[in-house]
Number of protein chains: 2
Amino acid sequence: MKKENISDAVIRRLPRYYRHLNELCSRGVVRISSHSLGQEMSITASQIRQDFSCFGEFGQQGYGYNVEELKAEIGHILGVDNDHHLIMIGVGNLGHALLQNFPFSQCGFTVDAAFDVSPAVIGTAVNGVPICSMSELDTFIQSHSVDVVVLTIPQTVAQDTADHLISLGVKGFWNFTNIELSSQVPDVQFENIHFADSLLTLSYRIANR
Amino acid sequence: MKKENISDAVIRRLPRYYRHLNELCSRGVVRISSHSLGQEMSITASQIRQDFSCFGEFGQQGYGYNVEELKAEIGHILGVDNDHHLIMIGVGNLGHALLQNFPFSQCGFTVDAAFDVSPAVIGTAVNGVPICSMSELDTFIQSHSVDVVVLTIPQTVAQDTADHLISLGVKGFWNFTNIELSSQVPDVQFENIHFADSLLTLSYRIANR
DNA sequence: TAGATTGTTAATCGATTAACAATC
DNA sequence: TAGATTGTTAATCGATTAACAATC
């Protein structure tokens, strides 16, 4: 890693690069220049080179970038080759959908368990992930290393649940409730999927097109 | 509306303002200054006033903003008082979860129908929304006004489906597949929910904290 | 009236783009 | 070697913050 402070704008572009490089790989493309990549992604070649140069020198003058190699580098930066451990809290429709379809392992995550209050699902498993009772949550966290908690619970209990988890040492949250979580505890990271915010921006754009 | 070109950065903050104002409303707060609002939301008062001033003059010197009124104004800008019509394509786990739990009507959307290929769900209804066969899709679109299509389908068919819908005149897409959709047709709007991109940025941050 | 707070203009800061020497 | 393309420095552009006159 070269620079100390990478801006959020850069970080949020990395998964898109990674996605596109995966596609190039599967198309059998071996090398690509910042110019071609930029054209395909509607980004300037300058920005691409600037972005990459935050993390190292991955190209070669006169040649460009080796697709496979660059993909591996960016994957590494994003941590897809890590083995992060994750649990889910709340196995309703959405939690269920994620357990069933989301490629956690491709993102470097292992889902160790899911927790819910409903007796109907406790004791069952979804896609190999055991659904446990919320009463087992504290013990589980104390005896396992949990990097990220997926919050697919009702809004009403979201902040309280997060506070409790933070007090148990959890530092990463993937938050699907449409509220703004916060914490005074340093180093706690929230990543939010705000469905409603997303749809409202679309609503704005279709009305002001 | 005052200015012509509102930047994306501003537009993406609007739903957050709206959300916070709703909360203030339900807490019974009647008025608020840009300074207090900024403190609560961790935004500078300057930015708040700049953002609002893109759309009009909603405050009063010496007083601040009336919460209820400001909420209504921003809601109006975002179009929550519109009656947009929406259909969903793909009623798997995720589509099902959205139909069941997402407050479409609070965002100004009516869900008129959902479409799927699976005979198991065709003919049923989820939360009052009828699930139709994909074979009925073209006729439906031609006979109804459809502002937004929710794409909760497999990645593999996403771009083809989108292209087909665009040829039928659809201009708005709420895309849940983790691919970058695009179109040459002008005025077509894509709003993406890229779950994997989101989790990967979290992965980056927990590794580089 | 005096104090508070707006909307807006000006200043600053950061991010994007352009230019170019280095070099494969 | 000549052409292509990098990584990086400099220039530009846009977004955020600060300042302040207007005024409730």
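Which element supplies the largest share of the surface near DNA strand D? In this predicted model, that element is α3(A), with six residues. Other contributors of at least two residues each include α2 (34-41), β2 (59-60) and β3 (64-66) of chain A, along with α3 (45-53) of chain B. In total, 27 residues lie around DNA strand D, and those that come nearest are A:G59, A:G62, B:S7, B:Q61 and B:G62. By class, this surface has 19 polar residues, six nonpolar and two charged.

DNA strand C can be read next. Around DNA strand C there are 27 residues, of which A:S7, A:G62, B:G59, B:Q61 and B:G62 come nearest. Here α3(B) gives the most, with six residues. At least two residues each are supplied by α2 (34-41), α3, β2 (59-60) and β3 (64-66) of chain B and by α3 of chain A. The surface near DNA strand C divides into two charged, six nonpolar and 19 polar residues.

The two protein chains also pack helix against helix. Two packed helices are described by the angle between their axes and the distance between the axes. For helix α8 (residues 195-207) of chain A and helix α1 (residues 8-26) of chain B, the angle is about 125° and the axes are 9 Å apart. The helices α8(A) and α1(B) are therefore oblique to each other, and their crossing is right-handed. From α8(A), the contact is made by A:A196, A:D197, A:L200, A:T201 and A:Y204; from α1(B), by B:I11, B:R12, B:L14, B:P15 and B:R16. The contact of α8(A) with α1(B) has six nonpolar residues, three charged and one polar.

Definitions and conventions: Residues are numbered from 1 along each chain as its sequence is written. Chains are lettered from A and ligands numbered from 1 in the order in which they are written. This is a predicted model: local features need pLDDT of at least 70, side-chain atom pairs count only at pLDDT 80 or more; totals for chains, interfaces and linings use all residues. A residue is near a molecule or strand if its C-beta atom, placed from the backbone, lies within 6 Å of it. Helices (H or I, at least four residues) and strands (E, at least two) are DSSP runs, numbered from the N terminus. Ala, Val, Leu, Ile, Met, Phe, Trp, Tyr, Cys and Pro count as nonpolar, Asp, Glu, Lys and Arg as charged, and the others, Gly among them, as polar. Axes are lines fitted to C-alpha atoms, for helices over the stretch in contact, and angles run from 0 to 180 degrees between N-to-C directions. Angles under 35 degrees count as roughly parallel, over 145 as roughly antiparallel, 65 to 115 as roughly perpendicular and the rest as oblique. A crossing is left-handed if the near helix is turned anticlockwise from the far one by less than a right angle, and right-handed if clockwise. Two residues are in contact if their C-beta atoms, placed from the backbone, lie within 7 Å.
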